[in-house]
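Here is a short report for a first look at this structure. Please keep the sequence and the model in view while reading.

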Amino acid sequence: MSLIVENITLLKQQIPPSVKLVAVSKTKPVGDIIEAYSIGQRCFGENRVQELLKKKDNLPKDIKWHLIGHLQSNKVNLVVPFIKMIQSVDSFKLLKIINSEAAKIKREIKCLLQIHIATEESKFGFSINELDQMLGSPDFKSMDYVRICGVMGMATLTNDKDQIRNEFRYLRECFYILKRKYFSGNPDFKEISMGMSGDFDTAIKEGSTLIRIGSLIFGDRK
Ligand SMILES: *Cc1c(COP(=O)(O)O)cnc(C)c1O
């Protein structure tokens with residue numbers, strides 16, 4: 001059995017069936033993705049558009065691609081035709097562009113709202129106040145080609161488990177506040193994407209519905 005197959009098998013034993021696994025294949029070759037695919041993995045995550053485009057043409061068409069990295073406005077049109085979900089929506093401006101590009105080809109795009117939960121400044125994402133402004137605005141309500149499916153967040157890179165747990169708790173709280181206020185009765189708004197290789201167990205305990213795992217499946221990145 002290959003190491004990748006073994007890693008996924010082990011991982012699956014540690015996560016409840018209700019939690020979806022996105023295999024983060026960034027920097028890894030197409031062959032590694034095929035190995036994961038061969039035992040039934042279908043959801044993969046990439047953070048760079050050019051890399052994603054290059055890989056996807058050499059891979060099965062039924063792979064569900066999730067974009068998990070910051071998306072530049074001028075690259076939206078490249079992913080909108082095929083992407084399964086854009087998890088990294090981090091500004092109103094970006095959401096508007098996704099909506100207008102999606103409208104051109106009449107394809108609804110599933111999106112997650114990335115919320116800034118870490119203490120590091122470098123991590124992208126909305127604040128809860130920015131989301132309040134956006135979700136309450138008439139401009140937002142008139143967007144027909146984006147389907148908001150929940151929230152995404154990345155915890156601070158730290159060994160402090162308490163801090164990580166608190167950041168995940170905060171993300172879950174944001175999810176429920178937004179659900180109550182803007183998405184009540186909307187079954188699409190259901191995902192809390194949190195948890196990576198180093199913190200997925202904590203994330204699942206705190207209510208994650210979707211974990212994004214790279215190195216634990218494919219090995220360390222250079
Ligand atoms: C790289 C990346 C991951 C996966 O990280 P690992 O620690 O390798 O599991 C998850 N989410 C995002 C947004 C990433 O960029």
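## The model

This is a predicted model. Every value here is computed from it.

## Two helices side by side

Helix α6 spans residues 128-135, and helix α8 spans residues 161-182. Their axes come within 12 Å and cross at roughly 20°. An angle under 35 degrees counts as roughly parallel, so α6 is roughly parallel to α8. The crossing of the two helices, α6 and α8, is right-handed.

Which residues make the contact between α6 and α8? From α6 come I128, L131, D132 and L135. From α8 come Y170, C174, L178, K181 and Y182. By type, the contact of α6 with α8 has 7 nonpolar residues, 2 charged ones and no polar ones.

## Salt bridges across the chain

Side chains of opposite charge can pair when their charged atoms come close. How many salt bridges does the whole structure hold? The search finds 13. One of them joins D62 and R42, with N to O at 3.3 Å. D62 sits in the loop between α3 (49-56) and β3 (64-67), while R42 sits in the loop between α2 and β2 (43-46), so this pair ties together parts 20 residues apart in sequence. D62 is partly exposed, at 40% relative accessibility. R42 is partly exposed too, at 26%.

A salt bridge also links E108 and R147, at 2.5 Å from N to O. E108 belongs to the loop between α5 and β5, and R147 to strand β6 (residues 146-152), so the pair connects parts 39 residues apart in sequence. E108 is partly exposed, with a relative accessible area of 38%. R147 is partly exposed at 29%.

## A buried partner and a network

E206 and R172 form another salt bridge, 3.6 Å from N to O. E206 is in the loop between α9 (200-205) and β8 (210-213), and R172 is in helix α8, so parts 34 residues apart in sequence are tied together. Is E206 buried or exposed? Buried means under 20% relative accessible area; E206 has 7%, so it counts as buried. R172 is partly exposed, at 28%.

Salt bridges can also be linked to one another. E46, E51 and K55 form such a network.

## Positive phi angles

T27 is not a glycine, yet its phi is positive, near 70°. T27 lies in the loop between β1 (20-24) and α2 (30-38).

K106 is not a glycine either, and has a positive phi of about 50°. K106 lies in the loop between α5 (92-105) and β5 (109-114). With 65% relative accessibility, K106 counts as exposed.

Definitions and conventions. Residues numbered from 1 in each chain as written. Predicted model: local features only at pLDDT ≥ 70, side-chain atom pairs only at ≥ 80, totals over all residues. Heavy atoms only, no water. Helix = DSSP H or I, 4+ residues; strand = E, 2+ residues; numbered from the N terminus. Buried < 20%, exposed > 50% of the residue type's maximum accessible area, 1.4 Å probe, protein only. Axes fitted to C-alpha atoms, helices over the stretch in contact; angles between N-to-C directions. Parallel < 35°, antiparallel > 145°, perpendicular 65-115°, else oblique. Left-handed = near helix turned anticlockwise from the far one by under 90°. Contact = heavy atoms within 4.5 Å. Nonpolar A, V, L, I, M, F, W, Y, C, P; charged D, E, K, R; others polar. Salt bridge = Lys/Arg side-chain N within 4 Å of Asp/Glu carboxyl O.
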